[in-house]
Amino acid sequence: MASLLYGSGLRLMECLRLRVKDVDFKYRQITIRDGKGEKDRITMLPGALKEPLKLHLNKVKALHEKDLQDGYGEVYLPHALERKYPNANRDWGWQYVFPSAKRSIDPLSGKIRRHHIDESILQKAVKQAIKSGGISKVGSCHTLRHSFATHLLESGYDIRTIQELLGHKDLSTTMIYTHVLQQGGRGVVSPLDGIRIAIE
């Protein structure tokens, strides 16, 4: 999950609400449904996550099949889709990529379903990783998304592409990351450092 936040630029809840059908291994992309501002967007699926995610989904599918055998296997569907497609809530494609370990009662319908994992689990894991790594700076799940944008800018990708990948409505929101790149002397490399690099 943390790798997706950094590798795909996902927000925390976008990651947790990810459905199986929105992960495209062939085209190495992820479709984010109803992101911030209720808009869909497409971002990349990192090549490094392709096999680990496939292995993970094999385990999730086995869990879903066990739920179906036990008479459960339903998942929440957005925007009244449950009325339009009454059996879709049991389909594999609609299941959460990161399901909860336990089934629970859906407070809206009263049905027993398997929801996605609780956000506090990932938040605590990231906090623990920061602490274990001896990192003195404050960080969170959202820091990984910020790092995604900053590192793309450092790699030379244009601001409009990054805006689309992040799902920012306004370019000025994405432009904030350009300020992060400002180093001493407005990011200009000293000619002395340039000579030393050439010599080395």
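Buried means under 20% relative accessible area, exposed over 50%, and partly exposed in between, with a 1.4 Å probe and protein chains only. By that cut-off Cys141 is buried, at a relative accessible area of 8%. Cys15 is buried too, at 0%.

This is a predicted model, in which local features need pLDDT of at least 70, side-chain atom pairs count only at pLDDT 80 or more, and totals for chains, interfaces and linings use all residues. Residues are numbered from 1 along each chain as its sequence is written, and side-chain values use heavy atoms, leaving out hydrogens and water.

Start with the cysteines. A disulfide is a pair of cysteine sulfur atoms within 2.5 Å. The structure holds zero disulfides. The cysteine sulfur closest to that of Cys15 belongs to Cys141, and it is 8.6 Å away, so the gap is too far for a bond.

Cys141 leads on to helix 6, residues 141-154. Helices (H or I, at least four residues) and strands (E, at least two) are DSSP runs, numbered from the N terminus. The expected span of a helix is 1.5 Å times one less than its number of residues. After helix 6 comes Gly156, with a positive phi near 95°.

Now turn to Asp22. It sits in the loop between helix 2 (12-16) and strand 1 (23-24). Asp22 is buried, at 4% relative accessibility. Contact means heavy atoms within 4.5 Å. Beyond its neighbours within four places in sequence, Asp22 contacts Gln29, Ile30, Thr31 and Arg33.
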